[in-house]
Amino acid sequence: MSSAALKIQTLSEEQTAAPLLDPQIAAEPELTDGFHLVIDALKLNGIETIYGVPGIPITDLGRMAQAEGIRVISFRHEQNAGNAAAIAGFLTKTPGVCLTVSAPGFLNGLTALANATTNCFPMILISGSSEREIVDLQQGDYEEMDQLAIAKPLCKAAFRVLHAEDIGIGVARAIRAAVSGRPGGVYLDLPAKLFSQVIDAAKGEASLVKVIDAAPEQIPAPSAVKRALDLLKSAKRPLIILGKGAAYAQADDEIRELVERSGIPYIPMSMAKGLLPDTHPLSAGAARSTVLKDSDVVLLLGARLNWLLSHGKGKQWGEPGSKKFIQVDIEPREMDSNVEIAAPLVGDIGSVVKTLLAGIDSSWPGVPAEWTSTINAKKDANIAKMEAKLGKNAAPMDFHGALGALREVIKERPDAILVNEGANTLDLARGVINMYQPRKRLDVGTWGVMGIGMGFAIAAAVETGKPVLAVEGDSAFGFSGMEVETICRYNLPVCIVIFNNNGIYRGTDTDPTGRDPGTTVFVPGARYDKMMEAFGGVGVNVTTPDELKRAVDAAMDSGKPTLINAEIDPEAGSESGNIGSLNPQSVVKKKK
Ligand SMILES: CC(C)(COP(=O)(O)OP(=O)(O)OC[C@H]1O[C@@H](n2cnc3c(N)ncnc32)[C@H](O)[C@@H]1OP(=O)(O)O)[C@@H](O)C(=O)NCCC(=O)NCCSC(=O)C(=O)O
C-alpha cells in the first residue's frame, strides 16, 4: 500500500463525529506530505533499505519509512551508515541510501559519500537541512550549513528539493545519477520545511517518477572492438587485470568465459578476487610482479591505472614502451589518464565482454605455452614460499599463523563474505585468503581507507543474508567499533576477528621523552571481546591459530554476533603493511 494512501485527513472535530457518508466529508481532498512522498518515491524505485542515524529533522522520516515496510537500519555514527549504504550499492547495483541529520550528521556521512564516489559505488546521501531563508542570510539557524554547496565537489551530483511536488523528480534524478554511466555518490538535500508541506494526495502521487532503465547498456563501437581484438591476438604475453568494476558489473559468467576461452592469465585487484576462484589455473595472482613486468598486452577490465597499479608505469611495469594497454571502462575520460591506451573500449563491462567473446572463435591463436609456463613456475615458487609460513600453531600468533586458520574457514564456506581492513592485516589477508565466489571480498578500496569495517559488515549481512567474517586490524576496527552494538541489536550473523598487536602497524612504539605512550600504540593487552559481551554478543579471546579456527567456526555455524580478540605478537607487522614505501620518513636529524 502506498503511504500516500494513508492520507492526511484535515477534519474538524464536528466533521469526525459526523456520519461517514456525509457528502461534505467525501468531498474533502485527501492530502499527503513531504514525509510520505519521499517514502513513496523511494519505494516506487525499489529502495528496500535505508541506513542512517535518526535526529532532527529526519527522525519521523525513519519511523514512517519503517512503518511503510522499508527496512531502516539505525547506526551509531553516520560515517558507518554511509559506508553501509555505499557497499549495499556495490553489492546490488541499486543505490544504497544513507539518511542523516543536518550539518554535523551530514558532514559525517559525507566522508562515506566521497569514498563511494571514488570507488564508483552507487549511493545516495539524503540529509535533512535547515531553512534556506535563514541559511542564505547566515542568521544562525539550528545546525546551519549550506550543505548543497559543500557536497557538490565531493560527489557525482547534488540536488536540493524545495517543493513537495518536486520530491518525485528529485529522487528520480538522484537514482539515475548514482547508477548510470560510472556509478557514484549523489547528495540529496531535503530542508526540514519540505517534510511538513502538505499537498493534494492525487497531485502528489502523479508527481512521482519511476526511473526506467536507470543504467542503460552502453555497447562499444564495432571498430573499437576490432582494434582491441587485433591487439589481443597479436600478443605474445597477454594479461587480463580484473578490477572491482568487473565485479560490480555482475557479468560473472561472461567474464569467466572470456578468460577461459581466450586462455589469457589474469590477476584480480583485491575486490575482484573470487570473480574466478583464486585457485583457477589461469590465476596469476601469485605471480603478480612477473606478469606486470613481462606482459606485452594488458587488458584492463574495470580496473583503473591508479596508484594501486603504479599508474601503469615505472619499474614495476618493465621497460618503458614494452606494453600496450586495452582498457574497458564506462567512463571515456578514464582513457589515457596515466599512460597511452592503445585500444580504448568504452561501454559497460557486460556488453563489452559479450562483444569480445563474439570475436574469440575457433581462429583464436591461443596463448604461447612459454608465457604460461613462466607464470606457473613463479606462482608455484611463491605459493610454496607462502605455505611454509602458514600452519604454525604458536602463541603469540604472527599474521600468517592466524591467517592460515582463516583461510580454511573461507575455503569451507565459500559463500561467506569477507570484510577486511588494516595495514598488515589487509595486505597479508589479501594474499593468504583465497576467494571462490564474486563480490565476497569487501575491503578498503581505492583510497585504502580505514573505517569501512563495521558499515560494510552490517550491509553485507543485511543485503545478502550470508554469514560475514570481518578481519580487522585493531586500529582499523577502532574507527567503527561502536557499531558492534548495532550488530547485536539487529542480531546479524557477523563474526569480527581483531588482529590485536597492541597498536598501529606494531605495538612497540615508545615516546622518546618518556612522557606519553608512543604515537602508534594502544593499551597493551586490550580485550576487545569484552565490548561484544557488553551488548549481549559472544566475546572470545584466542591465543593460537587452532583456538581461532574453533571460535570462528562456532560463530559462523551459530550466526550469533561474535567478536574474537586474536592476540598477535606486538612485534609482528611492518610500517604501513606492504605500501610502506609510500610513507615519507624524515632523514634529517634535529640538533639538540
Ligand atoms: C598495491 C597493491 C595492489 C599491490 O601490492 P603487492 O604487494 O605488489 O601485491 P600483492 O599484495 O598482491 O602480492 C604480494 C606478493 O605476494 C604474491 N602473492 C599474491 N597472492 C599469493 C598467494 N595466494 N600465494 C603466494 N603468493 C601470493 C604476489 O605475487 C606478490 O609477490 P611477487 O609477485 O613475488 O611480487 C596491494 O598492496 C594493495 O591493494 N594494497 C592496498 C593497501 C592499502 O590500501 N592499504 C591501506 C593501509 S593504510 C595504512 O596502512 C596507513 O595509512 O599507513
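The UniProt annotation "domain: Thiamine pyrophosphate enzyme N-terminal TPP-binding", from an unreviewed entry, covers residues 34-150. The model discussed here is predicted.

Q: What is the helix and strand content over residues 34-150?
A: The chain there is 52% helix and 17% strand, and the end C-alpha atoms lie 24 Å apart.

Q: In what order do the 6 strands of the open sheet lie?
A: The order is 15-14-16-17-19-18, with parallel pairing. Strand 15 (441-443) and strand 18 (538-542) are the edge strands, each pairing on one side only. On average, neighbouring strands are turned by 15 degrees against each other, direction ignored.

Q: Which residue of strand 17 stands opposite Ala470?
A: Ala470 faces Ile496. Strand 16 (residues 468-473) and strand 17 (residues 494-500) pair in the parallel sense over 6 bridges. Helix 20 (residues 453-464) packs on the sheet, and its direction makes about 175 degrees with that of strand 16.

Q: How many cavities of 30 Å³ or more does the count give?
A: Rolling a probe the size of a water molecule over the atoms shows where empty space is left. In this model the count comes to 2 cavities.

Q: Which helix supplies the largest share of the lining of the largest cavity?
A: Helix 6 (103-119) does, with 3 residues. The lining residues include Gln79, Asn115 and Met450. By class, this lining has 4 nonpolar, 5 polar and no charged residues.

Q: What classes of residue line the second largest cavity?
A: Its lining has 7 nonpolar, 2 polar and 1 charged residues; among them are Lys233, Trp364 and Gly366.

How values were computed
Residues are numbered from 1 along each chain as its sequence is written. This is a predicted model: local features need pLDDT of at least 70, side-chain atom pairs count only at pLDDT 80 or more; totals for chains, interfaces and linings use all residues. Side-chain values use heavy atoms; hydrogens and water are left out. Two strands pair if DSSP finds at least two bridges between them. Helices (H or I, at least four residues) and strands (E, at least two) are DSSP runs, numbered from the N terminus. Axes are lines fitted to C-alpha atoms, for helices over the stretch in contact, and angles run from 0 to 180 degrees between N-to-C directions. Contact means heavy atoms within 4.5 Å. UniProt positions are given in the numbering used here, feature names are shortened, and annotations may be inferred rather than shown by experiment. On a 1 Å grid over the protein atoms alone, a cavity is a set of points where a 1.4 Å probe fits but cannot get out, and a pocket is an open set with protein on both sides within 12 Å along at least five of seven lines; lining residues have an atom within 4 Å of a point. Grid points are joined across faces, edges and corners, and a volume is the space filled by probe spheres set on the points. Ala, Val, Leu, Ile, Met, Phe, Trp, Tyr, Cys and Pro count as nonpolar, Asp, Glu, Lys and Arg as charged, and the others, Gly among them, as polar.
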